[in-house]
Amino acid sequence: MGKITGFLEYKRNSKKRIDPLERIKNFDEFYIPLDNETRRQQAARCMNCGVPFCQSGMILSGMATGCPLNNLIPEWNDAVYKGNDENALSRLLKTNNFPEFTGRVCPALCEAACVNGMNGESVTVHDNELYIIENGYKNGLIKPQPPKVRSGKKVAIIGSGPSGLAAADCLNKRGHLVTVFEKNDRIGGLLMYGIPNMKLEKSVIDRKTDIMRQEGIVFNTNCDVGNTVKAEDILSEFDAVILCCGANEPRDLNVSGRECEGIYFAVDFLTANTKSLLNSNLGDKKYYDTKGKKVVIVGGGDTGNDCLGTCIRHGAASVVQLEMMPKPPVKRSENNQWPEFPKILKTDYGQEEAIAVFGSDPRIYKTTVKEIISENGKLKAIKTVEVEFKAGKLTEIKNSEKTIDADIMIIAAGFVGTKKYLPEAFGVELTPRNVVKTDDNKFATNAEKVFTAGDMHIGQSLVVRAINEGRKCAKEVDVYLMGYTNMI
């Protein structure tokens, strides 16, 4: 695949980013695509490795590596290299409903498992994928393709995040009549309000969902099933129901002073910002303004980084990001060998911007919140403490307390499962992890004709895994409705 000696002739060349001090002036996407000739050279680096670990999604040492969608990566890299972009698009869409999403927000598990990465630098799979799909749109290759035959079976999908959209797309193409119910005012779920604009411009979501509407999918917004819409009405009208409402119950901090003003959950912070941006270009001021404020973000993951980038764009006076885990090594350790996902230090776009603006990395490792200090009911400072794991238990390090001045604290400490009111409305059982209970590798719940997929099923995870969940769930629903399936 690719050019036989391409990986020897061409060095890895990732798409470029607009300079941090320039891109923080707005909320636009900030990547600069390569020219077509250079992109084909990057595709040429895909070697004939024999066993393409890149497309073999698997769990190694408790971590995902390789593409969960089993994307046919060597095939479409070869097609890009040879200039056959239409064939590349065909092979890409065979396994991935939304490469315009994953090509922007996926952490590239495929590249972690690339054979080139064993002794050198992996192929730019992530960038190549985005090139293929965007080139398809540019050249008019992406068009509505409604099914020619309808089954007459009606499916309701509750939630329009990546798993819900994937299930809807697959079932609609199969010929079923699909209606998607979304509690928010816009379609997209996590994609719309959980990921900021600079990572995924919302016009990208609208572009795709507009095509899905033309293909026959019905989208109903402002429908909070279990509250404003009765579960009984959904069950009586539809032949099957899929719950895809995410794992959006945020993990809170159980510390003294938590009740004071100025503390927000990351999901609320990001949602308010995106809504205000889309509704009024921030003119309505209906967001948590960090301009001139000292901000502390609790959580060192992707969501914390997104909050960091958002705070900087609003002109925060300072931003600190607390991370409980130790600072990762720069290179793989001996017990983290290829093709496991590399547990190494990653400086994401938000940290890169913080370094450019404030002159130092905002992350403080092995540290958590011990106490919240307020004055007249408003956040004033945060007392932190260093921690370490001993025998699997988090332990405070004595005499390591410090105090950080803060006007705003954002909790980005992950999630603890799904909101309970919707599963309760459908009579669906939950696991001790507070996600919907099913048999292993199955999607049917204990309730008749009710299925589940995505984070609501497996817990907080990646967009690419959610899409995979939606696709697999759609196959199971198809069998339930028709007695068999011909889905891939």
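1. The lining of the second largest pocket comprises 10 nonpolar, 5 polar and 12 charged residues, where Asp, Glu, Lys and Arg count as charged, Ala, Val, Leu, Ile, Met, Phe, Trp, Tyr, Cys and Pro as nonpolar, and the others, Gly among them, as polar. Of its 27 lining residues, Leu93, Lys94, Gln145, Asp169 and Lys173 lie nearest the centre. A pocket here is an open set of points on a 1 Å grid over the protein atoms alone, where a 1.4 Å probe fits, with protein on both sides within 12 Å along at least five of seven lines; lining residues have an atom within 4 Å of a point.

2. This is a predicted model, with local features needing pLDDT of at least 70 and side-chain atom pairs pLDDT 80 or more, while totals for chains, interfaces and linings use all residues. Residues are numbered from 1 along each chain as its sequence is written, and side-chain values use heavy atoms, without hydrogens and water.

3. Helix 5 (85-93) gives the most to this pocket lining, with 5 residues; helices are DSSP runs (H or I, at least four residues) numbered from the N terminus.

4. Across the whole structure there are 31 salt bridges, each a side-chain nitrogen of Lys or Arg within 4 Å of a carboxyl oxygen of Asp or Glu. One of them joins Arg23 to Glu353 (2.6 Å, N to O). This pair links helix 2 (residues 20-23) with helix 15, 330 residues apart. Both Arg23 and Glu353 are buried, that is, under 20% relative accessible area with a 1.4 Å probe, protein chains only; exposed is over 50%, partly exposed in between.

5. Arg213 and Asp210 also form a salt bridge (3.2 Å, N to O). Arg213 is partly exposed, at 39% relative accessibility.

Note on methods. Helices (H or I, at least four residues) and strands (E, at least two) are DSSP runs, numbered from the N terminus.
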